[in-house]
Amino acid sequence: MLFACATVLSGCADWSPGYSDKYIVFFDAQSATISPTGKAILDRAAAAIKAERPPRVAIAGEPADAPPHQGFNPKLSEPRFAAVENALVLRGVNAQLLSRAAMTETEAKLNPSGKRRVEIRLLKS
């Protein structure tokens, strides 16, 4: 299933029911720079976090320990996590709400662009 990066995903069957909303920030290959589209998604995610006040927000990205030959770039996992976290904090999100979670390789492969995304998941509890 391919998701449009400007769309907020709610109630999708392919992800845990423990999440109320999920926002996806895509990255260009070999880059940890947030695009203008990604910035708009972060604006929406930050607004939702502040409005909904979830107990935690998971920042999920490509598996950091995946072998590079499978299309993953472990060296970019950390900078992409940091870019998304920093952008949310700059938008007024409390850093203490944020926690990191590496996707499994299976989760990351559900989307052909899965290798180059970070998901922001608002936890229900």
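First, some ground rules. The model is predicted, so local features need pLDDT of at least 70 and side-chain atom pairs count only at pLDDT 80 or more, while totals for chains, interfaces and linings use all residues. Residues are numbered from 1 along each chain as its sequence is written, and side-chain values use heavy atoms, with hydrogens and water left out.

Let me start with confidence. pLDDT is the predictor's confidence in each residue, on a scale from 0 to 100. The chain has a mean of 76, and 62% of its residues reach 70 or more. Helix α1 has the highest confidence, at 95, and helix α3 (residues 105-109) the lowest, at a mean of 63. Over residues 1-17 the pLDDT is below 50, although this stretch has 35 contacts in the model beyond near neighbours in sequence. A contact here means heavy atoms within 4.5 Å. Where pLDDT is low, the predicted coordinates should not be read in detail.

Next, the layout. The chain has three helices and four strands, in the order β-α-β-α-β-α-β from the N terminus. These are DSSP runs, numbered from the N terminus: helices are H or I with at least four residues, strands are E with at least two. Taking contacts between residues at least 6 apart in sequence, 71% join residues at least 24 apart.

Now the inside. Of the 125 residues, 42% count as buried. Buried means under 20% relative accessible area, exposed means over 50%, and partly exposed is in between, using a 1.4 Å probe and protein chains only. A nonpolar core is a set of buried Ala, Val, Leu, Ile, Met, Phe, Trp, Tyr and Cys residues joined through side-chain atoms within 4.5 Å. The largest one has 22 residues, and Ile59 is among those that touch the most other members. Helix α1 gives the most to this core, with six residues.

Is Glu85 buried or exposed? Glu85 counts as buried because its relative accessible area is 15%. Glu85 sits in helix α2 (residues 74-90), and its side chain makes a polar contact of 2.7 Å with that of Arg100. A polar contact is a pair of N or O atoms within 3.5 Å; within protein, one must be able to donate a hydrogen and the other to accept it, and residues adjacent in sequence count only if both atoms are side-chain atoms.

The structure holds six salt bridges, each one a side-chain nitrogen of Lys or Arg within 4 Å of a carboxyl oxygen of Asp or Glu. In one of them, Arg100 pairs with Glu78, the closest N and O atoms being 2.4 Å apart. Arg100 is in strand β3 (residues 98-102) and Glu78 in helix α2, so the pair ties together parts 22 residues apart in sequence. Arg100 is partly exposed, at 38%, and Glu78 is partly exposed too, at 43%.

Glu119 has salt bridges with Arg117, at 2.7 Å, and with Arg121, at 2.6 Å. Glu119 is buried, at 2%, as are Arg117 at 6% and Arg121 at 7%. Salt bridges that share partners join these residues and Lys22 into one network.
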